[in-house]
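Please find below a note for a colleague who is meeting this structure for the first time. The sequence and the model are shown ahead of the comments.

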Protein chains: 2
Amino acid sequence: MKVKKYYESVAPYGREQCAEIICPIQFLMDIIGSKWSVQILRELFRGDMRTHELIEALPGISTKTLTIRLRELEKYGLLIRTVYPEIPPHVEYSLTAKGRELKPVILAMKQVGEQWLHQESCICALELSG
Amino acid sequence: MKVKKYYESVAPYGREQCAEIICPIQFLMDIIGSKWSVQILRELFRGDMRTHELIEALPGISTKTLTIRLRELEKYGLLIRTVYPEIPPHVEYSLTAKGRELKPVILAMKQVGEQWLHQESCICALELSG
DNA sequence: CGGTATCCGACCCGATACTG
DNA sequence: CAGTATCGGGTCGGATACCG
């Protein structure tokens, strides 16, 4: 009886391989649409990073979720995991060429996201009335 | 006691308003990252659509999910819902100017998505060994 | 340091039946 | 035709403790 490693049991829920019709936009969303995925990629665009650097750069992420996301992105060929056989362990993550193809997507998202963020009236803003 | 309408009870799970630090990329993902959202927007970029036209254009979506996604996108100001007081009911959805600002994002996603889709070896392909 | 195992609440979303 | 109510399975992902 094959036992799945725990991070294999988690996959983007919308993904349906080889459906009759595949929308390339949804196809991409299924790859990068999980929580934290784009933020991990965003960090790696700044340069190669070690695990604890990612954890520090992404406040709130758990080691479990980080590992799952990294394995997914590695499986999709977007990043490479390099292990240096040292003690204590030393693991480095870096974007592949394929991963860097996401740059225009992430740039476009950044541009629109910033624009909308600045327009948005903050829900937490103090109400002066009353 | 206020009773939430059922579609108000559903919101993108990653959204945290007014966090100390907000990544504009994640901010955008929280708006368009739910299942079906980008596909709905993709259809509306082709022109205004009625509810049943969207259902036909998005095979697999339920009326419930469609309604929830449409209300979300309307709440974010990305589309407008127009009701024509007729019998039978006639409702039309159209992108707002803000919604159309997503065009470069969706185009970039489409481009990369198509490229990767064509590279991908199909998991369902027959295995010739054995 | 990096990763794993386990538990568990939250919620996403599909199916179905029903209303005006 | 468009939308609502309700149910329920699946899984997402956070918290925590532990290992080599």
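This is a predicted model: local features need pLDDT of at least 70, side-chain atom pairs count only at pLDDT 80 or more; totals for chains, interfaces and linings use all residues.

1. In chain B, three strands make up an open sheet with the order S1-S3-S2, and their pairing is antiparallel. Strand S1 (49-50) and strand S2 (79-84) of chain B are the edge strands, each of them pairing on one side only.

2. Two bridges join S1(B) to strand S3 (residues 90-95) of chain B in the antiparallel sense. Within the sheet, B:Met49 stands opposite B:Tyr93 of S3(B).

3. Two helices lie across strands of chain B. H4(B) lies across S2 and S3, running at about 115 degrees to S2(B).

4. Helix H2 (residues 37-44) and helix H4 (residues 63-75) of chain B also pack against one another, at an angle of about 75 degrees and with their axes 10 Å apart. H2(B) is therefore roughly perpendicular to H4(B). H2(B) contributes B:Ser37, B:Ile40 and B:Leu41 to the contact, while H4(B) contributes B:Leu66, B:Arg69, B:Leu70 and B:Leu73. Sorted by class, the residues of this contact are five nonpolar, one polar and one charged.

5. As to the rings, a search of the whole structure finds zero aromatic pairs over all chains. Lysine residues do, however, lie over tryptophan faces: A:Lys98 is placed over the face of B:Trp116, 4.9 Å from the ring centre. B:Lys98 lies over the face of A:Trp116, at 4.9 Å from the ring centre.

How values were computed
Residues are numbered from 1 along each chain as its sequence is written. Chains are lettered from A and ligands numbered from 1 in the order in which they are written. Side-chain values use heavy atoms; hydrogens and water are left out. Axes are lines fitted to C-alpha atoms, for helices over the stretch in contact, and angles run from 0 to 180 degrees between N-to-C directions. Helices (H or I, at least four residues) and strands (E, at least two) are DSSP runs, numbered from the N terminus. Angles under 35 degrees count as roughly parallel, over 145 as roughly antiparallel, 65 to 115 as roughly perpendicular and the rest as oblique. Contact means heavy atoms within 4.5 Å. Ala, Val, Leu, Ile, Met, Phe, Trp, Tyr, Cys and Pro count as nonpolar, Asp, Glu, Lys and Arg as charged, and the others, Gly among them, as polar. Rings of Phe, Tyr and Trp (its six-membered ring) pair if their centres lie within 6.5 Å; planes under 30 degrees apart count as stacked, over 60 as edge-to-face and the rest as tilted. A charge sits over a ring if NZ of Lys or CZ of Arg is within 6 Å of the ring centre and within 35 degrees of the ring normal. Two strands pair if DSSP finds at least two bridges between them.
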